[in-house]
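User: Hi, I'm new to reading protein models and I'd like to go through one with you. Can I show you what I've got and ask a few things?

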Amino acid sequence: MTTKTSTYPLRLPVSLRAAVERLSKRDGTSINQFVVVAVAEKIAAMSTEEMFAERKARADRGAFRRVLDREDGEPPREGDELPPDLAHFGPPG
C-alpha cells in the first residue's frame, strides 16, 4: 500500500527544532517521521474529543438514570463499585 504525500514547508522555532531533533533521535526516527506521528497523535486526540462531545450532546440523562435505578437491576459486581471520591455519582441515599 502506498500513501500519497505532499510537501509542506514547516518553520519551527530553533528551540523547538532542537527538541524535535533530540527526541526523534531518542525515538530512533527521523525528524520527519517524528513530526508526522506527532501531528497524527494531535489529530486523533482532537477527533476523539469531538466525538465524545457529540455523543455527550446526544445523551439522554433521564434514560441513563432510569436504567441505573431500575428495580430489577443488579448491584455492581465486586471491583465495579464507585470509588469513595465519586460516590456522589451513585444512586441517591
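Predicted model: local features only at pLDDT ≥ 70, side-chain atom pairs only at ≥ 80, totals over all residues.

User: Is tyrosine 8 buried or exposed?

Analyst: Tyrosine 8 sits in the segment before helix 1. The cut-offs are under 20% relative accessible area for buried, over 50% for exposed, and partly exposed in between (1.4 Å probe, protein chains only). Tyrosine 8 has 66%, so it counts as exposed.

User: And what is the relative accessible area of leucine 10?

Analyst: Leucine 10 is also in the segment before helix 1. Leucine 10 counts as partly exposed because its relative accessible area is 48%.

User: How many helices does the protein chain have?

Analyst: Helices are DSSP runs of H or I with at least four residues, strands are runs of E with at least two, and both are numbered from the N terminus. Along the sequence the pattern reads α-α-α. There are zero strands, and the helix count is three.

User: What span is expected for helix 1 at 1.5 Å a residue?

Analyst: The expected span is 1.5 Å times one less than the number of residues. Helix 1 has 14 residues and reaches 20 Å from its first C-alpha to its last, close to the expected 20 Å.

User: Which residue just after helix 1 takes a positive phi?

Analyst: Look just past the end of helix 1, where the phi is about 75°. The residue there is glycine 28.

User: How many salt bridges does a search of the whole structure find?

Analyst: A salt bridge needs a side-chain nitrogen of Lys or Arg within 4 Å of a carboxyl oxygen of Asp or Glu. One of them joins arginine 70 and aspartate 72 at 3.7 Å, N to O. Searching the whole structure gives three.

User: Which residue meets arginine 17 in a salt bridge?

Analyst: An α-helix has 3.6 residues a turn, so residues three or four places apart point the same way. Arginine 17 counts as partly exposed because its relative accessibility is 41%. At 2.8 Å, N to O, the partner is glutamate 21.

User: How far apart are the closest N and O atoms of arginine 65 and aspartate 69?

Analyst: Both residues lie in helix 3 (residues 61–69), four residues apart. Arginine 65 is partly exposed at 29%, and aspartate 69 is partly exposed at 37%. Their closest N and O atoms are 3.4 Å apart.

User: Last one: what radius of gyration does the protein chain have?

Analyst: The radius is taken over C-alpha atoms, and the globule rule is 2.2 Å times the number of residues to the power 0.38. The C-alpha trace spans about 60 × 30 × 30 Å along its principal axes, and 3% of the 93 residues count as buried. A compact globule of 93 residues would have a radius near 12 Å, but this chain has 23 Å.

Notes:
Residues numbered from 1 in each chain as written. Heavy atoms only, no water.
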